[in-house]
Amino acid sequence: MEPIVEMKNVYKRFGGIHAVDDMSLDMYPGEVVGLLGHNGAGKSTFIKMLSGAYSMDAGEIFVDRKPAQISNPIDAKDLGIETIYQTLALADNLDTAANIFFGREILTPWRALDEAAMEHAAIQVMRRLNPAFSKFHDPVRNLSGGQRQSVAIARALQFNARIIIMDEPTAALGPQETQMVADLIRALKREGIALVMISHDLHDVFDLSDRISVMKNGRHVWTGSTEETDKDEVLQMIILGKRPDGSYAPGILADENA
């Protein structure tokens, strides 16, 4: 199996701060990669270069083994890369179909909104994710946290996402809603979607991820199968930059001693 996306030797700096310093990561179909690190480790900045929110200072991105230029979010969407931020970016006063098609509405030949077509498409895509979902006409403000995640994910699927970036997908959710989101992620895996999950919840990461990648101080510490490590080792990588074999990521000790 070949990777859908490869990010190689990526750099990003803000003034004198190296937010991302020579970080690489690849993503495969039907795989969940948990991207971990303390606040300020650089993981959100790294992923924002894939989503088009930031441009790289250096590095390369390949999609389907071909060089990709991602200068803005439209470029990313055109390549099938969708991002679901922690805020979900939903319009609370609109219903499910209106949110799924927000900014990309279906129009009739007379340039009016084709609400019937959007509702039909919304029902079809939601059935792929959550067959029990029925609140299609409710404003999304009335939905639970897990249902709102369903709508945000459905929006990505409707426009043929192949790579989905999820930023803290279970933050502030209760146990039942967290389980709903976990079921959604497993449904996406079955469809062959590649997922990157940024999270501070090690339980969720170990429950859902196939691989884990850890960053510290903008640098890559370790990437490997979830089965190759445990929570204690991951905490050491996050806090100290110490890998499972006892070595340290290049530059980490110099940073600590600076």
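Buried here means under 20% relative accessible area, exposed means over 50%, and partly exposed lies in between (1.4 Å probe, protein chains only). By that cut-off, buried residues make up 47% of the 258 residues in the chain. This is a predicted model, in which local features need pLDDT of at least 70 and side-chain atom pairs count only at pLDDT 80 or more, while totals for chains, interfaces and linings use all residues. Residues are numbered from 1 along each chain as its sequence is written, and side-chain values use heavy atoms, with hydrogens and water left out.

**Overall fold**

- The chain has nine helices and 10 strands, which are DSSP runs numbered from the N terminus (helices: H or I, at least four residues; strands: E, at least two).
- The radius of gyration, taken over C-alpha atoms, is 19 Å, close to the 18 Å of the globule rule for 258 residues, so the chain is as compact as a globular protein of that length. The globule rule is 2.2 Å times the number of residues to the power 0.38.
- Along the principal axes, the C-alpha atoms fill a box of roughly 65 × 40 × 35 Å.
- Of the contacts (heavy atoms within 4.5 Å) with a separation of 6 or more, 64% are between residues 24 or more positions apart.

**Nonpolar cores**

- A nonpolar core is a set of buried Ala, Val, Leu, Ile, Met, Phe, Trp, Tyr and Cys residues joined through side-chain atoms within 4.5 Å.
- The largest such core has 49 residues, of which Leu36, Ile100, Ile164, Leu188, Ile212 and Val234 touch the most other members.
- A second, separate core of 27 residues includes Met23, Ala194, Val196 and Met215.
- Leaving aside residues up to four places away in sequence, Ile212 touches several residues, among them Gly34, Leu36, Phe206, Trp222 and Val234.
- Glu227, in the loop between strand 10 (219-225) and helix 8 (231-240), counts as exposed because its relative accessibility is 79%. Glu227 and Ile212 are 15 residues apart in sequence and 9.5 Å apart in space, C-alpha to C-alpha.

**Helix 6**

- Helix 6 (residues 175-190) has 16 residues, which at 1.5 Å a residue should span 22 Å; its end C-alpha atoms are 23 Å apart, which agrees. The expected span is 1.5 Å times one less than the number of residues.
- Its buried residues are Thr178, Val181, Ala182, Leu184, Ile185, Ala187 and Leu188.
- These buried residues pack against strand 3 (32-36), helix 4, helix 5, strand 7, strand 8 (194-198) and helix 7 (202-208).
- Just after helix 6, Gly192 takes a positive phi of about 85 degrees.

**Aromatic rings and charges**

- The whole structure holds three aromatic pairs. Rings of Phe, Tyr and Trp (its six-membered ring) pair if their centres lie within 6.5 Å; planes under 30 degrees apart count as stacked, over 60 as edge-to-face and the rest as tilted.
- Phe101 and Phe159 form an edge-to-face pair, with 5.8 Å centre to centre and 80 degrees between the planes. This pair links distant parts of the chain, 58 residues apart.
- Phe101 counts as buried because its relative accessibility is 2%, whereas Phe159, at 21%, counts as partly exposed.
- The ring centres of Phe133 and Phe136 are 5.0 Å apart and their planes are at 85 degrees, so this pair is edge-to-face. Both Phe133 and Phe136 are buried.
- A charge sits over a ring if NZ of Lys or CZ of Arg is within 6 Å of the ring centre and within 35 degrees of the ring normal. Arg104 lies over the face of Phe159, at 3.8 Å from the ring centre, and the charged end of Lys8 sits over the ring of Phe62, 5.2 Å from its centre.
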